[in-house]
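Please study the sequence and the structure before reading each solution.

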Amino acid sequence: MAAWTVFPYAGDYRFDAASVTKKWARLHAGDLEPLPQDPAVLQAWVHFHNGEFQKAATAGQNLGFAGTCVASKATCVYATYLEKHETRRLDLFLAVADHASHLTANNPDNLNGRYWRAYALGRYSQGISVAKALAQGLGTKIKTDLEYVIRHAPQHADAHVALGSFHAEVIDKVGSLIGAMAYGAKKDVGLTLFEQALKLHQESSCCLLEYAHAMLMLGGNDMMDEANQLYQRAAQTKPIDAAERLDVEMAKAQLND
């Protein structure tokens, strides 16, 4: 595996197994990942929360199915925010989708296996163009996985965010009529999903950031003020770990554009 770009704020987060365990509920309020009992899996999560994404991904991959979710999250966060080479980004997302599919096939009760498959395919779709991805049938797979997760875990805030983004992306690319008829994508449903996500996880900088993106896709200049308010809220959020720091910095960058 080629060396990944280093987290730009290395050293700002100094979690260990004890502090990750103590703050687990807050750290995983969005994805509801259960606290691992295996010390090796927990250590992989320590690497993740400190911004050592490649270490987290490698450690998770070496742990088999027990480490798939930490490897998936580390890879997706890295690919979304830090990988600059588009081909490598897409390859990373496809790898996550593949590994998450194996987890889901072998452990169908692991809801985050479905979530990470959907998330990775969603990011991959953005990279190849949403219209092309829809033509390949990826939209149906993404929507089905996310709806399954929400149905079985109604408190899963991150799944609400991802599904809200799906509705916005589809409508932005194919329009409201075709989006609704062909893919079940609806503006009001998308916005409601984001509102539900914020109720579930009020401190989610990720939700605020993606909600703002969705507003711009769905309303353009008409929703610019609302989107900027969300960017401002995200930028003012105090990040608890490396992943949230990347969300906050992205929100600041959007405000400065």
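**Exercise 1.** Into how many nonpolar, polar and charged residues does the lining of the largest cavity divide?

*Solution.* The model is predicted: local features need pLDDT of at least 70, side-chain atom pairs count only at pLDDT 80 or more, and totals for chains, interfaces and linings use all residues. Residues are numbered from 1 along each chain as its sequence is written, and side-chain values use heavy atoms, with hydrogens and water left out.

Step 1. Apply the classes: Ala, Val, Leu, Ile, Met, Phe, Trp, Tyr, Cys and Pro count as nonpolar, Asp, Glu, Lys and Arg as charged, and the others, Gly among them, as polar.

Step 2. The lining of the largest cavity then divides into 11 nonpolar, 5 polar and 8 charged residues.

**Exercise 2.** Locate the largest cavity and state its volume.

*Solution.* Step 1. On a 1 Å grid over the protein atoms alone, a cavity is a set of points where a 1.4 Å probe fits but cannot get out, and lining residues have an atom within 4 Å of a point. Grid points are joined across faces, edges and corners, and a volume is the space filled by probe spheres set on the points.

Step 1. The largest cavity holds about 330 Å³ of space. Its lining has 24 residues, and those closest to its centre are Lys 73, Asp 158, Cys 206, Ala 243 and Asp 247.

Step 2. Helices (DSSP runs of H or I, at least four residues) are numbered from the N terminus. Among those that each supply at least two lining residues are H5, helix H13 (205–219) and helix H15 (242–256).

**Exercise 3.** Describe how helix H5 (residues 68–81) packs against helix H6 (residues 86–106).

*Solution.* Step 1. Two packed helices are described by the angle between their axes and the distance between the axes. Axes are lines fitted to C-alpha atoms, for helices over the stretch in contact, and angles run from 0 to 180 degrees between N-to-C directions.

Step 1. For H5 and H6 the angle is about 160°, and the axes are 9 Å apart. The two helices are therefore roughly antiparallel (an angle over 145 degrees).

Step 2. In contact (heavy atoms within 4.5 Å), the residues of H5 include Ser 72 and Tyr 78, and those of H6 include Phe 93 and His 99. This contact divides into 9 nonpolar, 5 polar and 1 charged residues.

Conventions:
Parallel < 35°, antiparallel > 145°, perpendicular 65-115°, else oblique. 1 Å grid on protein atoms, 1.4 Å probe; cavity = no way out; pocket = protein on both sides within 12 Å on 5 of 7 lines; lining within 4 Å.
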